[in-house]
Amino acid sequence: MKSVAAAIAAVFALLPVRAHAADPADAERWRAAMTSVRWTGPLLASNAETLPQGHFYTEPYFFDVISGGEHHPGSSGFYQYGLRDNWTVGVQPFFSWGTHKFNRGAAIGDFKLLSQVRVSHFTAEHRVPSVALVTNLIIPTGKHDRLSALRNGHGSGAFAPEIGLNVQQYFRLPNGRLLRGRVNILKDFPLRTEVTGRSVYGTDAGFHGHARPGSKTSVILGAEYSVSKKWVLAFDVERDQWGKTEVTGIDGSDAPVNTSSPRSWDIGFAPAVEYNWSDRAGVIAGMWVVPKGHNTQSSVTPAIAIQRFW
């Protein structure tokens with residue numbers, strides 16, 4: 001929690017105490033620069049803006065997590081609706097495709113219900129960062145226990161409230177092009193879940209008890225440079241940290257089980273390229289590279305997403 005508090009304090013330290021109205025000529029230059037580029041957003045960092053009331057936004061992702069020489073293809077994405085001009089709700093699903101003999105076919109992972117309330121808004125006249133408060137809920141829709149032999153699980157089994165802060169700011173460079181920066185800070189709080197039999201927590205067929213997944217904290221920094229109206233270069237840095245996961249219960253011989261996994265963290269990088277063929281649609285393609293971290297494996301994840309504003 002100390003790292004999250006420090007990150008939040010650093011973000012708010014960068015915010016101006018109050019907005020100062022720009023002179024008309026400068027505001028017009030900013031307005032021209034903002035209309036000269038289209039964005040999809042980088043691969044990892046989320047928007048701090050909200051949708052206009054009554055409008056939809058869709059951005060399906062397709063990816064392949066490559067780790068330890070194995071491929072784990074899947075799909076996620078954002079499907080959102082503007083409930084009010086400053087309040088957006090939505091859902092982030094997760095699906096995976098098994099590629100091994102006993103795990104072929106599609107599987108559902110845990111879904112996330114999304115809610116974001118904007119508290120400040122960047123304009124050409126008042127150039128304060130856009131800031132949004134995030135309150136999400138992870139829904140345990142993926143299978144996590146009672147797994148048959150050699151079958152993989154795809155969920156945690158635990159409900160997990162999540163809170164966070166999204167910040168977005170624009171910077172006009174000397175060449176007149178725009179650089180857009182984002183900061184996301186997210187932390188979830190998984191609840192205890194019942195576990196029976198073989199599970200994603202490493203329990204055996206005769207086990208019965210409970211698990212409490214470790215809390216996840218994410219800090220994401222994203223930047224986008226507008227090369228032209230249609231083309232944008234993007235780059236993300238993400239640090240994820242997981243707390244201890246605790247498992248308690250009894251095994252098949254009625255012996256007590258009480259295990260705790262170690263804390264872990266890693267840092268990943270995601271360069272990407274965006275192409276936006278209209279003000280309402282575009283595509284982004286890139287690669288999320290995560291070197292081996294503390295108690296985590298290295299991975300490379302090529303990904304592509306198509307965004308559409310309705």
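These are my notes from looking around this structure, which is a predicted model.

**Entry 1: a run of paired strands**

I started with strand β7, residues 130-139, and looked for its partner. β7 pairs with β8, residues 160-172, in the antiparallel sense, over 9 bridges.

Then I followed β8 onward. β8 also pairs with β9, residues 178-188, again antiparallel, and here I have 11 bridges. Two of the partners I looked up are Lys187 for Ile163 and Gly181 for Gln169.

β8 and β9 form a hairpin with 5 residues between the strands, and Gly176 there takes a positive phi near 90°.

**Entry 2: helix α2**

Next I went to α2, residues 24-35. This helix has 12 residues and reaches 16 Å from first C-alpha to last, close to the 16 Å expected at 1.5 Å a residue.

Which residues of α2 are buried? I noted Asp26, Ala27, Trp30 and Ala33. Looking down the axis of α2, I see these buried residues within an arc of 120°, so they line one face of the helix. A reminder to myself: an α-helix has 3.6 residues a turn, so residues three or four places apart point the same way.

On the other side of α2, Pro24 and Thr35 are exposed. I wanted to know what sits over the buried residues, and the cover includes β8 and β9. That brought me back to the strands of my first entry.

**Entry 3: two nonpolar cores**

I looked up the largest nonpolar core and found 14 residues in it. Leu43, Leu44, Tyr61, Ala272 and Ile284 have the most contacts inside this core. The elements giving two or more residues to it are β1 (56-67), β16 (264-275) and β18 (299-309).

**Entry 4: Asp236**

Asp236 lies in β13, residues 231-242.

What does the side chain of Asp236 meet? One of its polar atoms lies 3.1 Å from the backbone nitrogen of Leu43. Not counting residues up to four places away in sequence, Asp236 touches Pro42, Leu43, Leu44 and Ala45, and the list also includes Ile220, Gly268 and Phe269. I jotted down one distance too: Asp236 and Glu224 are 12 residues apart in sequence and 8.9 Å apart in space, C-alpha to C-alpha.

**Entry 5: Asn166**

Back in β8, I stopped at Asn166. Asn166 has a relative accessible area of 3%, so I put it down as buried.

I found two polar partners for the Asn166 side chain. A polar contact of 2.9 Å joins it to the side chain of Gln116. A polar atom of the Asn166 side chain also lies 3.3 Å from the backbone oxygen of Asn47. Leaving aside its neighbours within four places in sequence, Asn166 is in contact with residues including Ser46, Ala48, Ser130, Val134, Val183 and Asn184.

**Entry 6: two positive phi values in loops**

Last, I looked at residues other than glycine with a positive phi. Arg146 is one of these, with phi near 55°. Arg146 lies in the loop between β7 and β8, and at 54% relative accessibility it counts as exposed.

Asn295 is not a glycine either, and its phi is positive at about 65°. Where is Asn295? I found it in the loop between β17 (281-290) and β18. With a relative accessible area of 45%, Asn295 is partly exposed.

How values were computed
Residues are numbered from 1 along each chain as its sequence is written. This is a predicted model: local features need pLDDT of at least 70, side-chain atom pairs count only at pLDDT 80 or more; totals for chains, interfaces and linings use all residues. Side-chain values use heavy atoms; hydrogens and water are left out. Two strands pair if DSSP finds at least two bridges between them. Helices (H or I, at least four residues) and strands (E, at least two) are DSSP runs, numbered from the N terminus. The expected span of a helix is 1.5 Å times one less than its number of residues. Buried means under 20% relative accessible area, exposed over 50%, partly exposed in between (1.4 Å probe, protein chains only). The arc is that of the directions from the helix axis to the C-beta atoms. Contact means heavy atoms within 4.5 Å. A nonpolar core is a set of buried Ala, Val, Leu, Ile, Met, Phe, Trp, Tyr and Cys residues joined through side-chain atoms within 4.5 Å. A polar contact is a pair of N or O atoms within 3.5 Å; within protein, one must be able to donate a hydrogen and the other to accept it, and residues adjacent in sequence count only if both atoms are side-chain atoms.
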